[in-house]
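Subject: Structure for you to look at

Hi,

Here is the structure I promised to pass on, together with my notes on what turned up in it. Could you open it alongside this message and follow the notes as you read?

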Amino acid sequence: MKNAQHTLLAAALLTAFVSAQAAVSADEAAQLKSSLTPLGAEKAGNKAGTIPAWDGGLSKATPGYKTGDARPDLYPTEKPTLSINAKNMAQHADKLSDGVQALMKKYPDFRIDVYPTHRTSAAPQSVYDNTFKNATRAKTVEGGFGMEGAFGGVPFPIPKDGYEAIWNQRTAWRGGNVTLPMRVWVVTADGRRAMASGGTQTLHQAFYAKDGSLEKFDGYYSFGKFVANAPGSKAGEAILALDGVSDAAPRGLWQYLVGQRRVRKAPSVAYDTPDSVTSGIGLFDEAFTLFGPIDKHELKLVGKKEMYIPYNNNRAASAKVEDLVTPNTLNPAQVRWELHRVWEVEATLAAGKRHVVPKRKYYIDEDSWQIALFDGWDAKGQLWRTNYALMLTMPDVPAVSNFVLWGGYDMQNGSYYLNMASNEMPKQYEIVPPIPRSFFSPESLSSEGAR
């Protein structure tokens, strides 16, 4: 009898422990069907009326749109309601990132044009359904650097800490299976523009596999492949990245270098290694706004705030390169900014770790769970880097994505870059049928690069 009592007590304690580790309670999760959107954002607008209520986002393709075509400007007749520059930024400082303010101080001609806010973010019903399931079953492991119990939706729609918020960003819905031709443009401090890299980027979000489930999920949430075709010196180079949710699905990274004519593992394609795709202006863990392991920093969820961020930038995605990528900064007339609520996550260097950017601040859009802006400080506490993503709105998917048109400014040497730009290319962010795993194998990398 005593052994039976001990067994029951142990089982009860284990159940309590598991429940305590779940992201939220069933009562909290119920908010996802009332006061919160299905992905966890506040459904209501703000008190000032400058942020509207979420009404479902945009989930129907523009009439006449064909997959792979450039998405049209959704609001072509709208005019800015406000322009902010160095002269009036003090009046709006509470809604501006440190990096945006620094750009205004450094470049007197730089401004942000603020347009009416449109909460266009949407996702398929399956993503909403899985998000609701994840809310009470997902949990972080390995000190926050891993997670389990999530599939097919936002893992932590009601986040309790910075690790959960960052996992939401890493697994955010971006369309499932995507391919696009792209170019990387760099601008030097003296205003000269050059193409650093060009090629085809392919993304397979295995986390959202249509025939998948939590039971079938093997831990690898993202497969990405980039094959360069320009400039001539880089043509044929390729990078393959397989990212997992925990140590049980260890990260895989391979490179194909034409000069060596072989595929090799590339563990250095991570952290603060200068990103060769951007000619070293960016760092590898700044790619796609966040790329690779994040265990060099401790993450703190500061809270939610209203901020001006790039949003609904379909016009910028279709602009001519010379009209968008201008000296000093992106052309302010081509970039649309809106007021949105964002989650702020602060990353600080962990004890015993080394990184050239010991402090960062990430600003994550509450509706799509994707980073719109982030800043980085050097070891002396000086602002060094400010990064951005020009959110592309795709009602045909439906999704809002920061996977394209992202880049960063080096505030100390005056250079900047724009990555994943399909401007003036024949296709733009094309959603494709499920991509087989064999396409993302090291064996396929050499054949892709050697073409």
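Strand S5 (residues 177–187) is joined by two bridges to strand S20 (residues 430–431), and the two run antiparallel. Helices here are DSSP runs of H or I with at least four residues, strands are DSSP runs of E with at least two, and both are numbered from the N terminus; two strands count as paired if DSSP finds at least two bridges between them. Within S20, Ile431 is the bridge partner of Val178.

Before going further, please note that this is a predicted model: local features need pLDDT of at least 70, side-chain atom pairs count only at pLDDT 80 or more, and totals for chains, interfaces and linings use all residues. Residues are numbered from 1 along each chain as its sequence is written, and side-chain values use heavy atoms, with hydrogens and water left out.

Back to S5, which has other partners too. Strand S19 (residues 416–421) is antiparallel to S5 and connects to it through four bridges, with Tyr416 of S19 as the bridge partner of Val187. Strand S6 (residues 193–204) also pairs with S5 in the antiparallel sense, over 11 bridges. In S6, Val187 has Arg193 as its bridge partner. S5 and S6 make a hairpin with five residues between them, and Gly191 in that turn has a positive phi of about 90 degrees.

How much of S5 is covered? Of its 11 residues, 11 are buried, where buried means under 20% relative accessible area, exposed means over 50% and partly exposed is in between (1.4 Å probe, protein chains only). Asn177, Thr179, Pro181, Arg183, Trp185 and Val187 point one way from the strand, while Val178, Leu180, Met182, Val184 and Val186 point the other way, and all are buried.

Two helices are worth a look as well. Helix H5 (residues 162–170) has nine of its nine residues buried, so it is largely enclosed by the rest of the structure. Among those buried residues are Tyr163, Glu164, Trp167 and Arg170. At the start of H5, a side-chain oxygen of Asp161 comes to within 3.1 Å of the backbone nitrogen of Tyr163. That is a polar contact, meaning a pair of N or O atoms within 3.5 Å; within protein, one must be able to donate a hydrogen and the other to accept it, and residues adjacent in sequence count only if both atoms are side-chain atoms.

Helix H4 (residues 125–137) has 13 residues and spans 19 Å from its first C-alpha to its last, close to the 18 Å expected at 1.5 Å a residue (1.5 Å times one less than the number of residues). Its buried residues are Val127, Tyr128, Asn130, Thr131, Asn134 and Ala135. Seen down the axis of H4, they fall within an arc of 165 degrees, so they line one face of the helix; the arc is that of the directions from the helix axis to the C-beta atoms. Helix H2 (26–29) is included in what covers them, through contacts (heavy atoms within 4.5 Å).

The loops hold a few details to check by eye. Most residues other than glycine have a negative phi, and most peptide bonds are trans.

- Asn312, in the loop between strand S11 (297–310) and helix H6 (314–318), has a positive phi of about 55 degrees although it is not a glycine. Asn312 is buried, at a relative accessible area of 3%.
- Leu405 has a positive phi of about 50 degrees, again without being a glycine, and counts as buried at 1% relative accessibility.
- Ala230 and Pro231 are joined by a cis peptide bond with omega of about -10 degrees; Pro231 is in the loop between strand S7 (220–230) and strand S8 (238–244).
- Val397 and Pro398 are likewise joined by a cis peptide bond, with omega of about -10 degrees.
- Asn88 is in the loop between strand S1 (82–84) and helix H3 (98–106), and its side chain reaches the backbone nitrogen of Asn85 at 2.8 Å.

As for the whole, the protein chain has eight helices and 20 strands. Of its 451 residues, 58% count as buried.

Best wishes
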